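User: I am new to reading protein models. Can you walk me through a few features, one by one?

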Amino acid sequence: MNWPRSEELLAANAQLVPGGLASLNRKADPVIAFVRAKGSRLWDIDGHEYIDYHAGFAPYILGHGDEDQNAAVIAALQSDLSNYGSGPTLEEGELARLFLKAVPHAEKVQFFNTGSEATSQAIRVARAWTGRSHIIKMQGGYNGHHNAVATNLMSTREQLGGVAIHGDAYPGVPFTAGIPPVEQALTHSVPFNDLAAVEQVAKRGEIAALITEPVLQNIGVVKPKPGYLQGLRDLADRYGFVLIFDEVKTGFRSSLGGYQAVAGVTADLSTYGKAVANGFPLAAMAGKSALLDLATSPDPAKRVLIAGTYNCHPVPVAAAIACLKKLMDPAQRVYDKLERLAQRLEAGQRDLFNRYGVPAVISRVGSASCVYFSTVEPADWWDILDHHDAAFDTRYRRALIERGIYHFPVIVKQGSISFAHSEADIDQTLEATESALRALTGHPKTT
Ligand SMILES: Cc1ncc(COP(=O)(O)O)c(C=O)c1O
């Protein structure tokens, strides 16, 4: 399969926009320029159709162009709503009420446009609350593009220069230039599922916050071991740092209340984005009133600036309200359907990998899943680096794309099912998977 027009478009845009794309994280091989999306389907400029499991990096929990959401957005536009930039709005109040109903462990909520804004504000709040500057993040965790967290995603051992890896914190391995060394020195990375490494840093007494996705979903789906999240909660209480669960990916996808509702462990602050508005730009920080209320602290030394020209713009707000209403509507049974489809896909994949003799671990939380070509379910990034067959993953993703199944063509990127997917989509995906495995392995195994 070829994508000549996609490549032409990238080259033309690259004359004007560095790299040819508005987000360099969207660059992958093959380069595919999409021109249309509806429900579970995508169409590219070269005339190919796909079943989508990328979901725009996971937001589209209802699917593309959800009719109810579209109607709500059109109604907002036709109601002469604007982004007045002065005073409260009825709609932000309505969204906050719905949000806090869906996420009952949160006492208050504040809204932004992007996940990166939410995580940077949460870190700022934690620093103001504790009067400390250092933070802990996870090796293999992605919490946005800003200086505090743009470090240690898919590091190599060489980049870490021979540190002990487990039970230890790492030097920063930034994934962007331009972070001042003084800021880099404030971020400590540790392996996921390793409480000893957290304690090692925390006992120095200078940690303002630990930020982590409760399930690492930017390196597939790396689940917390039993007791790990509670262990983080206990360490936060013992050493007085703010526990931030970054639910930008897991929020409204793992369950209505996010992964915290699944795990039964509550962070002090949590961040949301993506699925909250089914693809429209809206994000949130939620949690304890005492922390969020720093925005209006009478003490200027504690007061945290929360500001943004486009915070709660009426279009994404209408989109988020419509999305939450649908996710919360018992008649829709959204999460039941997502689970049923996800189980069907997982069972089919398991059977195929077995029949074709491909060592694979399928890690799944609800509608989010990842296939690791490995015999080891990863507990952290190092397990992926050591055991996952990255070359096979690259070939597998390419083979699926060539058969009309779109997973983002970068290793260990999460697959996401939407409410718009059907059983027929899953069955078509499994047929394509079988064809891909036949091409990659030659034949089903004989024994
Ligand atoms: C867990 C997590 N946190 C934060 C972000 C940053 O969100 P945004 O890209 O909307 O700034 C992402 C984006 O992928 C994410 O997956």
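User: Which polar backbone atom is 3.5 Å from a nitrogen atom of the ligand?

Analyst: A polar contact is a pair of N or O atoms within 3.5 Å; within protein, one must be able to donate a hydrogen and the other to accept it, and residues adjacent in sequence count only if both atoms are side-chain atoms. Here, a polar backbone atom of Tyr142 sits 3.5 Å from a ligand nitrogen. The protein covers 84% of the 390 Å² of accessible area that the ligand has on its own. Such areas come from the Shrake-Rupley method with a 1.4 Å probe; for residues, only the protein chains shown count as cover. Side chains take part too: a polar atom of Ser116 lies 2.7 Å from a ligand oxygen, and an N or O atom of Asn218 lies 3.0 Å from a ligand oxygen.

User: What should I know about the model itself?

Analyst: This is a predicted model: local features need pLDDT of at least 70, side-chain atom pairs count only at pLDDT 80 or more, and totals for chains, interfaces and linings use all residues. Residues are numbered from 1 along each chain as its sequence is written, and side-chain values use heavy atoms, with hydrogens and water left out.

User: Where is Ser155, and is Ser155 buried or exposed?

Analyst: Buried means under 20% relative accessible area, exposed over 50%, partly exposed in between (1.4 Å probe, protein chains only). Ser155 has 2%, so it is buried. Ser155 lies in the loop between strand S5 (134–139) and helix H5 (157–160). Helices (H or I, at least four residues) and strands (E, at least two) are DSSP runs, numbered from the N terminus. The Ser155 side chain makes a polar contact with the side chain of Gln139, at 2.9 Å. Leaving out residues up to four places away in sequence, Ser155 touches Gln139, Val173, Trp381, Trp382 and Leu385. Contact means heavy atoms within 4.5 Å.

User: What is phi of Ala55, and what is phi of Asp80?

Analyst: Most residues other than glycine have a negative phi, and most peptide bonds are trans. Ala55 has a positive phi, near 55°. Ala55 is in the loop between strand S3 (49–52) and helix H2 (67–78), and is buried at 3% relative accessible area. Asp80 also has a positive phi, about 60°. Asp80 lies in the loop between H2 and helix H3 (90–102). At 66% relative accessibility, Asp80 is exposed.

User: Which peptide bond is cis?

Analyst: The bond from Asp29 to Pro30 is cis, with omega near 5°. Pro30 lies in the loop between helix H1 (4–14) and strand S1 (34–38).
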